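Take a moment with the sequence and the fold below.

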Amino acid sequence: MSKGILDNNYAKERESKSELIFRYKVRAQILANAIQKYLEKTENLNILELGAAEGKTILFLNEILPNNKITGLEYSSDLIRQAKNLPQNLNLIQGDATNFDPSVEENTYDVVSALALLEHLTNPVLCIKEALRVLRPGGIFVATCPNPFWDHVATMTGLLKAEQHETEMTKKKMIALANEAGLELLRFERFMWAPISFLPYLKIKISEKNSLKFDKAIHSLRIFNWLFVNQVLIGRKKT
Ligand SMILES: C[S@@+](CC[C@H](N)C(=O)[O-])C[C@H]1O[C@@H](n2cnc3c(N)ncnc32)[C@H](O)[C@@H]1O
């Protein structure tokens, strides 16, 4: 089994660890913001989240943008069994994000996301190609990946478990893979400024919205950009 597949412990940790809760909420907010910016509507969408774990992130996305159909695809059956209280419009299915089951139909989804997933895969381009295949023309793909530099720092300081990531997803690599898969690139942006995203480790509360407001301010200063720990790529399936 790939070391990128997570187990029940991940779901357990996301119940209580404020830094993990903060992280998935920021990722869900980043996805919601992309939907609001790049699609003409925010309801009645068909959304597929790849590597959805126990569904916490799609549950939070559903709070921000209700009235959509959201499917989470996750490899680990153990994690899927940890899913709690998913409403009717949310569904978790077992599958491989690099080789979809035929039940995931082509040209169907308005949005396909891979939040904190591509770095867990040995061959991430396969995942982006699969995403493109099932997106409807004009639909968007949203991927977030931690900055590998800060990933190493977090691993060395014991903030992150060592053995989970398979591929270093630099900005250059993310853009190259998107191009290779045939995605039209809409935006690449860094987010989660380290000094702010460290606050949850100190049990200091910061909302995902305020964290992203800080990011905006830092982007406009243009001097501390190297301190962002996360990155998002947004692309569109050509019409
Ligand atoms: C870091 S978690 C991210 C969870 C969620 N997307 C989020 O943003 O909160 C990555 C998830 O991807 C899953 N995963 C890894 N490889 C996969 C694959 N080939 N197919 C489907 N899921 C996979 C892991 O088991 C894990 O649950």
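Start with helix H5, residues 124-134. Its buried residues are Pro124, Cys127, Ile128, Glu130, Ala131 and Leu132. Buried means that 20 or more other C-beta atoms lie within 10 Å of the residue's own; exposed means 12 or fewer, partly exposed in between, with C-beta atoms placed from the backbone. Helices (H or I, at least four residues) and strands (E, at least two) are DSSP runs, numbered from the N terminus. An α-helix has 3.6 residues a turn, so residues three or four places apart point the same way.

This is a predicted model: local features need pLDDT of at least 70, side-chain atom pairs count only at pLDDT 80 or more, and totals for chains, interfaces and linings use all residues. Residues are numbered from 1 along each chain as its sequence is written.

What covers the buried side of H5? The cover includes strands E1 (46-50), E4 (109-115) and E5 (135-146), and helix H7 (171-181). Look at Ala131. Leaving out residues up to four places away in sequence, Ala131 touches Leu50, Val112, Ala114 and Phe141; touching means C-beta atoms, placed from the backbone, within 7 Å.

Ala131 also belongs to the largest nonpolar core, which has 58 residues. Such a core is a set of buried Ala, Val, Leu, Ile, Met, Phe, Trp, Tyr and Cys residues joined through C-beta atoms within 7 Å. Leu50, Ala114, Ala131, Phe141 and Val142 touch the most other members. H2 gives the largest share of this core, 8 residues.

Now move to Phe188, in strand E6 (residues 184-193). Phe188 counts as partly exposed because it has 15 C-beta neighbours inside 10 Å. Its C-alpha atom is 4.5 Å from that of Leu233, 45 residues apart along the chain.

Technical notes:
Two residues are in contact if their C-beta atoms, placed from the backbone, lie within 7 Å.
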